[in-house]
Amino acid sequence: MRVFSILMVLIGVIFLARAFLPAKIILRHVSGHLRRKWLVILNLMAFFLLGYLLFDAVLFFNLPLPLELVTAGVFLGGAVFVFLIIYLCKSTITAQQKAEAEIVKLNESLEQKVAERTRELKQLSDFNRIVLDSIADPISIIDVETFQIIDVNQAFLKEIKLPAEQIIGRTCYDITHHRSSPCTPPHDSCPLFETLTHDDHATMLHVHWTLSGEKRFVEVLTSPIRDEKGKIVQAVHIQRDITERIETDETLRENQELLRVVVEGTFDAIYVKDIEGRYRLFNAAASHLTGKSPEEVYGRDDTFLFPTEEAKILMDEDRLVMDVGLTRTFEERLTSVDGENLVFMTTKGPLFDVNKNITGIFGVAHDITELKRAEEQIRNLAYTDHLTGLPNRLLLLDRCEQAIATAKRRGAQMALLFFDLDHFKNINDTMGHHAGDLLLKAVSSRILKILRANDTLARLGGDEFVLICSSIDSPQDAGVVAKKILELLQQPFEIEGKNIYSNASIGIVIYPEDGEDSSILLKHADLAMYAAKAQGRETFNFFSDTLNVKARERAVIEEDLRQALRLSDQLLLHYQPQIEFGSGRIFGMEALCRWLHPVHGFIAPDKFIPVAEQTGLIRQVGYWGLKTACRQCSEWHRNGFPLSVAVNVSIGQLQFSDFPEMVQEVLDEAGLPPEYLELEITESMLMHSANKSVELLNRLKEIGVKIAIDDFGTGYSSLSYLNKFSVDKIKIDQSFIREITQRDDAASIVLAIVSIGHSLGLKVIAEGVETQEEEAILLGFSCDEAQGYYYSKPMSALDAGRLIYMNTPLGVSSPDVNLSEADPSIAPALIL
């Protein structure tokens, strides 16, 4: 029995030992109050074991056997109980540890997810801020409860020019509105109030005021921000400064009104058509022309306004403009509501939409009916000699080219007879120019009677005539015609009750032997004529290769002219006064070049100027003349006489591209203001190369000089070009003035020229005025200025100085001026 008791004690010890090891392990894994409780349990276990072992050691073997067995059993039971408790606690603590580890793991996962979500939210917030700040329009976010600004973007800060801390927490009314602004929420003009009232977006035009007090027009878009329940908690203000647009719209409205006034106030017909040709705009002038109101015309095309043929032409023009997409100018002949045939210069151009697609055309029609009538008169004058009614040089050249073309095509010959009247100058000198004119008309009439229908008799000028025999079988046929002319001229002419005898010297050239174009034929015919004169006059002469009489003469003139330019003492200028009509005041002088040859005396400009042009000497002659005239005029200015000086310009001078620079150089050297220099250029020179003439005249006008068209009416200039030329004055040719008192048509022509000049804003001067009657007629025509023998012949610089100093008006109301009676000491100071 005792062995059994010992065995139970040993088993109890084993249980306690087995329980003690996990207890220590558990102790290492608990903390806090559990550790304290667990230490109490361990201490009790130790106390129980030690106490029981001490008890057994002292009393165990002294106890009776039954009590010993009970004691051993109690010890074993207590040990087992402790063992069970320890292992139960261990299981509980192990489960708790596992639960705590799982909780830790869950917490770590949750914290990681929270961190990731936090980063995502921050990235989204940063992105939203970047997006917000990248928007160019000012944006603010408003709390709908307090109306305070809770956030703004950079554009808002830049617009308001305040830092964010001075904006956040304040109302938009405080920041952007003037105290007089109607926007005081809640208010029906406030977009925020509109958003809250209608639960939707709102857009309004607002007036904002800057810190500097500047008024700005702003378009504000307000959008709601809702919570998860759909309640509006905030609002987004997006504002855009549209001040420039508002001001542009206002300017556009003003310009539209101004354009309307201009369009309705002009005398030109202005209209707009759509791409189908239907009218969309029709001004008052167009209504006056057609007799139709804009309301009647809108939506209709040209067939509603004009006869079928006219409408077709207009619509064809419209289609051309829209096809090419460019502005074009047309000359249109239309019938007015009164049945009058009118001529318009119409400019038409395409209209485009924003995509550059053509949507229609515009048109501006200017009535040029009167100008066309005047142009027709000028055109007739351009091709007709006003004295004899014969073709003039221009028409002669055209007919000559036609005859050459016909002869070339047929392989035939044609002849040119060039002749002038022998001793014609004597008739002018003895009987006057009027008698000379009558003789020229009589000669023309007599020769015309023997001509064939396809022949042409033309007057070149003066007493020079050219006859074109358009088709001959042999040169002898031309000789037969020449003989007939000489025979006709041998008969006397009755002029003003007197018999006048006159004959001719005739030069003959044959195409193609003597030349293949009109200029060569005329040149050779001229040489042949002078050869006939050299043979004793009253005869004819055929051109030949050995005929060089004219060439030698020109060679002599060229050499002598070169000598004159080198010596600088043979060329001189004479001056002819130019006066104002009515007052007779001398306002200027025309400088006329003269050549005092040491052997031949005075040589006329028409003799040496052509030679100078052909040889290139005209550049030196022109430079000398311009320089001398400007220096003389400057001298008059220095002595208190601010006159202008007019200088003729040759076509040879205009051929040099640096001519304007030469003019500027001369003016600078002479010290003469450019407005006192007037350059006279003939009409034919300008039209010789019209486009280049426009450019040249513009360059001269930039200098400041005045430009006059000389010999106006003797050539042909289109009025459209005349309007483009930068000229200040037109000079009526003396040939018109000479007949103004004798022929009604001549007076009508002069009146037309004056009217054209005034309509273009130009001064008009008449040259060659020789009688009081001519002056009276020109005064009646409102001609501005004049010059001629009636007032004064060309005179030397010395005599011109005396005339200027005497300051005597010239003309009908003025006494005759005798320069010989002037004090001879007054003029030298006025000349170079």
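Modeller: Two strands count as paired if DSSP finds at least two bridges between them. Helices (H or I, at least four residues) and strands (E, at least two) are DSSP runs, numbered from the N terminus. This is a predicted model, in which local features need pLDDT of at least 70 and side-chain atom pairs count only at pLDDT 80 or more, while totals for chains, interfaces and linings use all residues. Residues are numbered from 1 along each chain as its sequence is written, and side-chain values use heavy atoms, with hydrogens and water left out.

Biologist: In what order do the five strands form the open sheet?

Modeller: Strands of a sheet pair through backbone hydrogen bonds, either parallel or antiparallel. Here the order is β7-β6-β10-β9-β8, with antiparallel pairing, and the edge strands, each pairing on one side only, are β7 (279-282) and β8 (328-335). From one strand to the next the twist averages 25 degrees, where axes are lines fitted to C-alpha atoms, for helices over the stretch in contact, and angles run from 0 to 180 degrees between N-to-C directions.

Biologist: How many bridges join β9 to β10?

Modeller: Nine bridges join these two antiparallel strands, and F352 stands opposite I358 in β10. Their hairpin has five residues between the strands, and K356 takes a positive phi near 65 degrees there. Strand β6 (residues 269-274) pairs with β7 over three bridges, with V272 opposite L281, whereas β6 and β10 share six bridges, K273 having I361 as its partner in β10.

Biologist: Which helix packs on the sheet, and which strands are touched?

Modeller: Contact means heavy atoms within 4.5 Å. Strands β6, β8, β9 (341-352) and β10 (358-367) are touched by helix α10 (residues 308-324), whose direction makes about 165 degrees with that of β8.

Biologist: How should I read the packing of α11 and α26?

Modeller: Two packed helices are described by the angle between their axes and the distance between the axes. Helix α11 (residues 369-383) packs against helix α26 (residues 744-759) at about 130 degrees, with the axes 10 Å apart. That makes α11 oblique to α26, given that angles under 35 degrees count as roughly parallel, over 145 as roughly antiparallel, 65 to 115 as roughly perpendicular and the rest as oblique.

Biologist: Which residues of α11 and α26 meet?

Modeller: From α11, L371, A374, Q377, I378 and L381 meet I749, A752, I753, I756 and S759 of α26.
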